[in-house]
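Subject: Structure handover

Dear colleague,

I am passing on the structure below, together with some notes on what was found in it. Please read the notes with the model open beside you.

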Amino acid sequence: MRHHRIASIPADGIGPEVIAAGLEVLDALATRDGGFVLDVEHYDWGSERYKKTGAFMPDDALATLKKADAIFFGAVGAIDVPDHISLWGLRLPICQGFDQYANIRPTRVLPGVVSPLRDVGPGDLDWLIVRENSEGEYAGHGGRAHRGLPEEVATEVAIFTRVGVERIMRYAFNCARNRPRKHITIVTKSNAQKFGLVMWDEIALEVAADYPDVTWDKELVDAMTMRMVRKPQSIDTVVATNLHADILSDLAAALAGSLGVAPTGNVNPSKNYPSMFEPIHGSAFDITGKGIANPVATFWTGALMLEHLGEPRAAAALMTAIEQVCAAGILTPDVGGTSTTKDVTLAMVDAIRGANT
Ligand code: NAD
Ligand code: MN
């Protein structure tokens, strides 16, 4: 029996609702497949803890998490805590501390889910966005001076390093190589940002030479938004900076039907620290506690985690169950249905138990 240690951090808003649903489905898979067990450790870190103690997580949090094989994360953010405090208090220290430099964001129109794009169905939109996750515009370099005075100044410096750019390019080209289309689009803004993004383009070109079997093209980020809407079929794998990919992937999620179906993995490819898997969406205050959060993003996130843990069969079974349940119209309101989180979760467990028997 293979054991995988999972650190579960549901955190805020709908986080606990979708993580509970996700763990229920993962448990059904483990039980049915018989080949592995998930040893789940729960951590109640998040905004409530911050409001009580002044810290989102304990001082030794990373040392604790380091023992896990993967982290299953919900969402962080509360109405009465500034967003930059919550993001830098919990999620980013884990991503940066564990060198999770590759953020992967698969997007697909699932059967039964309707894209807001006319005539775009499951085969037409099937993307993998690879986001640089350790530096760039979110490096945390900058400062403020002369606060409150007329001459107040703030800088937010984007950091691009050769090591950082080259490793994300190689990771993305590898992803492209492993997908049927073997095509990658390099997103850039090297017309206006003439230092960091020009180096970004140069390194992309160098790396491309090592992947003769992968075709590539280049797109400015603003033009990329148009291409995603107008020619979704022309896109397969995408690599972009931390900020650009953050924005493009929300657009991707919306074009695929809802933020509620969009998964992500913060991957440390060398596996010297655990990777972290989470739905892309946030705490969703407007629907917290109503029982209607779409758990599909978290299920898909679970499939990415299983893949990373070396359980590709279980990951594939999970994706099949997601497609069956969506195709059967068992959908939450954000994707046009009337089902609850619980309904979708139970249907998933049934689909998993019923598979191939
Ligand atoms: P959000 O993702 O929480 O919500 C945006 C919209 O999408 C809302 O209308 C929400 O109801 C809907 N939505 C999101 N997930 C859904 C789901 N699973 N099912 C159905 N509908 C869903 O983004 P926001 O409103 O910009 O941010 C709210 C809070 O979450 C903020 O504090 C923000 O900082 C935080 N946030 C955290 C993360 C993270 O933890 N990774 C990501 C984004 C936002
Ligand atoms: Mn985002």
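Leu 125 touches Thr 107, Arg 108, Val 109, Val 120, Pro 232, Leu 255 and Ala 256, leaving aside residues up to four places away in sequence, where a contact means heavy atoms within 4.5 Å. Leu 125 sits in the loop between β4 (102-108) and β5 (126-132); helices (H or I, at least four residues) and strands (E, at least two) are DSSP runs numbered from the N terminus. Leu 125 is buried, with a relative accessible area of 0%, where buried means under 20%, exposed over 50% and partly exposed in between, with a 1.4 Å probe and protein chains only. The C-alpha atoms of Leu 125 and Gln 233 are separated by 5.9 Å, although these residues are 108 apart along the chain.

Before going further, please note that this is a predicted model, in which local features need pLDDT of at least 70 and side-chain atom pairs count only at pLDDT 80 or more, while totals for chains, interfaces and linings use all residues. Residues are numbered from 1 along each chain as its sequence is written, chains are lettered from A and ligands numbered from 1 in the order in which they are written, and side-chain values use heavy atoms, with hydrogens and water left out.

The chain is divided into domain 1 (1-101 + 265-357) and domain 2 (126-255), with bounds that come from an automatic or database domain assignment. The centres of the two domains, taken over C-alpha atoms, are 25 Å apart, and ten residues of domain 1 are in contact with eleven residues of domain 2.

Turning to the ligand, 21 residues surround ligand 1, and the closest are Asp 83, Gly 282, Ala 284, Asp 286 and Asn 294; a residue counts as near if one of its heavy atoms lies within 4 Å. A polar side-chain atom of Asp 286 lies 2.8 Å from an oxygen atom of ligand 1, and a backbone N or O atom of Val 76 lies 2.9 Å from an oxygen atom of this ligand. For Asn 294, a backbone N or O atom lies 2.8 Å from a nitrogen atom of ligand 1. Taken alone, ligand 1 exposes 810 Å², of which the protein buries 71%, with accessible areas from the Shrake-Rupley method and a 1.4 Å probe, only the protein chains shown counting as cover for residues.

Definitions and conventions: A polar contact is a pair of N or O atoms within 3.5 Å; within protein, one must be able to donate a hydrogen and the other to accept it, and residues adjacent in sequence count only if both atoms are side-chain atoms.
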